[in-house]
Amino acid sequence: MLERIVIPSSVDQLLLPAEIRLWISDARNRIEAFQDRWDQPQIEQFVAADYELVYQSLAWTLESQLLIGRRFLEWGCGFAVVSALASTLDLDVIGIEAEGELLDQGQRLVAEWNTNVELVCGNFLPPDSDELADDPTLPSLGHPVRCAYETLGLELDDFAIVYSYPWPGEDDFHERVFDRYACRGALMLQFCGPNDVRLWRKRA
Ligand SMILES: C[S@@+](CC[C@H](N)C(=O)[O-])C[C@H]1O[C@@H](n2cnc3c(N)ncnc32)[C@H](O)[C@@H]1O
């Protein structure tokens with residue numbers, strides 16, 4: 001069972017370190033340049049989150065909530081911006097991404113920012129978890145890539161905190177997957193759209 005932890009609305013008042021502000025601005029430029037390219041088809045699955053709010057919510061979570069470990073996983077990391085930001089908060093960070101081109105962008109970003117982040121190409125859904133979806137057209141489904149947990153030699157229940165940015169309508173699918181496969185006590189942080197960051201703890 002997942003228990004919702006309410007993140008106070010004042011979280012957006014938390015001060016961002018100067019370096020984090022610069023990184024986020026650099027990330028926006030990279031994403032804009034990538035999305036403006038006319039010579040490649042667009043990867044529609046990628047949408048940038050509100051990185052300031054995600055960072056503030058994560059920092060608040062780490063200060064106020066008990067963590068069962070330091071392993072952080074980003075489901076569908078795209079440019080790996082959140083993974084890189086999380087690595088500055090004393091977390092051991094892994095990002096999983098299905099799209100090779102996005103993963104390349106993520107690899108470049110974490111290398112140029114000199115962060116300690118492991119990125120893996122693959123599917124973040126544990127085997128058979130697609131059965132928990134009530135709609136076969138959800139964007140998280142059907143990626144023809146290897147299960148990332150096999151590549152990593154880890155399971156979802158090895159992680160203390162998972163971050164996801166579900167598309168509208170698949171937030172409850174992500175919750176069900178986390179509820180079924182995560183470790184008891186683990187946290188899930190979801191960016192669900194403007195001013196909508198949700199935090200869950202797996203209880204039972
Ligand atoms: C809405 S974007 C969010 C990107 C990033 N997490 C962020 O907050 O900036 C969702 C990302 O998840 C990736 N994705 C979707 N389903 C996936 C799956 N089953 N396994 C791995 N990556 C997936 C997409 O390619 C896309 O990059």
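**Packing around helix α1**

α1 passes α4 in a right-handed crossing, where right-handed means that the near helix is turned clockwise from the far one by less than a right angle, and left-handed that it is turned anticlockwise. Helices here are DSSP runs of H or I with at least four residues, numbered from the N terminus.

Before going on, this is a predicted model, with pLDDT of at least 70 needed for local features and 80 or more for side-chain atom pairs to count, while totals for chains, interfaces and linings use all residues. Residues are numbered from 1 along each chain as its sequence is written, and side-chain values use heavy atoms, without hydrogens and water.

Back to the pair. α1 and helix α4, residues 100-112, pack at an angle of about 150°, and their axes are 12 Å apart. Axes are lines fitted to C-alpha atoms over the stretch in contact, and angles run from 0 to 180 degrees between N-to-C directions. That makes α1 roughly antiparallel to α4, the term for angles over 145 degrees. Ala27, Arg30 and Phe34 of α1 make the contact with Glu101, Leu102, Gln105, Arg108, Leu109 and Glu112 of α4; contact means heavy atoms within 4.5 Å.

Now the other partner. Helix α1 (residues 18-35) packs with helix α2 (residues 51-64) at about 140°, the axes being 10 Å apart. On α1 the contact uses Ile20, Ile24, Arg28 and Ile31, and on α2 Tyr51, Glu52 and Tyr55.

Conventions. Helix = DSSP H or I, 4+ residues; strand = E, 2+ residues; numbered from the N terminus. Parallel < 35°, antiparallel > 145°, perpendicular 65-115°, else oblique.
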